[in-house]
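Biologist: I'm new to this one. Could you walk me through how to read it?

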Amino acid sequence: MKAVGTGSLTNTSSSYPAPYGNFYEGAKHQFLFLASELSAAGLIAGNIQSLSFNATNLNGTDPLVNFNIAIATTALTNINAFQTTGFTTYYSSPSYTPELGTNVHKFSTPFVWDGVSNIIVETCFNNTPLGYSNNVSVSQSTTPFTSCVYYRADNDASLCSSNTTSGTYSQRPNFGFGQPSVITYTWAPATELTSVSIPNPIANLTTSRTYTVIADNAGCMTSQVVNLHVKPTPTPNLGSDTLVCTLPFTLSSSTAANTYSWSTNATT
């Protein structure tokens, strides 16, 4: 899990931004992340499989109806209004109950980040007409740009499709982005290997060799040594052509081998 934001701020039971915010019946947020922030947190181009928030106080919040997470790429560097295009929903729950501590939302399909685009993460739920309770407090950080736009309302059945804005913030919950670990491989020596950076290279050996592979998972490294022994090629020798008058005549291949195959199909 890669953390973007390490601040110790928290929203209260009635303040925003609050992705788990039920002080009003429903709440919609869009959070902007710059590519530079994602890269600095250790994310690389590729699949993102989950998002998480850290809940510090549940404040008696009710379950959140139809809690969804959608993501889109963007060229924006500040977000002051809801964006409406390019979003795909990656997480959806008919009723999500936040838990104290880390809340991980596993995506139904991975979001594939290109490594260079800024992204917008949208969260929304709507408890209309079930009522309201309180906001869950989550860990948050300030940002040097406008990073959040939100809308919260009672009795708005179309809240999650609305573009109405309640406000903006240069503050954002601390996000955890789940990305598969990337293991790198280094083989040595490179002699007679098809590659030195893949897990399963092919060795085209002409002689016995000893190889070492180092596997590195974000600085956690391990190594393994493998010895490959090439047996000498057997060289049969039947001697000079010979004229014989007395049979049977015993042939000898004059070599030590594991198996033998003669033209007569004999195997001795």
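Biologist: Which residue of β13 is the bridge partner of K2?

Modeller: Strands here are DSSP runs of E, at least two residues long, numbered from the N terminus, and two strands pair if DSSP finds at least two bridges between them. In this case, the partner of K2 in β13 is F177. Three bridges join β1 (residues 2-4) to β13, and the two run antiparallel. Keep in mind that this is a predicted model, where local features need pLDDT of at least 70, side-chain atom pairs count only at pLDDT 80 or more, and totals for chains, interfaces and linings use all residues. Residues are numbered from 1 along each chain as its sequence is written, and side-chain values use heavy atoms, with hydrogens and water left out.

Biologist: What joins strand β4 to β13?

Modeller: Three bridges, with β4 (residues 46-57) running antiparallel to β13. One to look for is S50, whose bridge partner in β13 is G178.

Biologist: And which way do the residues of β13 point?

Modeller: F175 and F177 point one way from β13 (residues 175-178), while G176 and G178 point the other way. All of them are buried, a word that means under 20% relative accessible area; exposed means over 50%, and partly exposed is in between (1.4 Å probe, protein chains only).

Biologist: Is Q140 buried or exposed?

Modeller: Q140, in strand β9 (residues 137-142), is buried, with a relative accessible area of 0%. Its side chain makes a polar contact with the side chain of Q171, at 3.1 Å. Such a contact is a pair of N or O atoms within 3.5 Å; within protein, one must be able to donate a hydrogen and the other to accept it, and residues adjacent in sequence count only if both atoms are side-chain atoms.

Biologist: What is the strand order in the open sheet of three strands?

Modeller: The order is β14-β15-β16, with antiparallel pairing. The edge strands, β14 (183-188) and β16 (220-228), each pair on one side only.

Biologist: How many bridges join β15 to β16?

Modeller: Nine, with β15 covering residues 209-217 and running antiparallel to β16. For example, I214 has S223 as its bridge partner in β16.

Biologist: Where is L238 found?

Modeller: L238 is in the segment after β16, and it is exposed, with a relative accessible area of 54%.

Definitions and conventions: Helix = DSSP H or I, 4+ residues; strand = E, 2+ residues; numbered from the N terminus.
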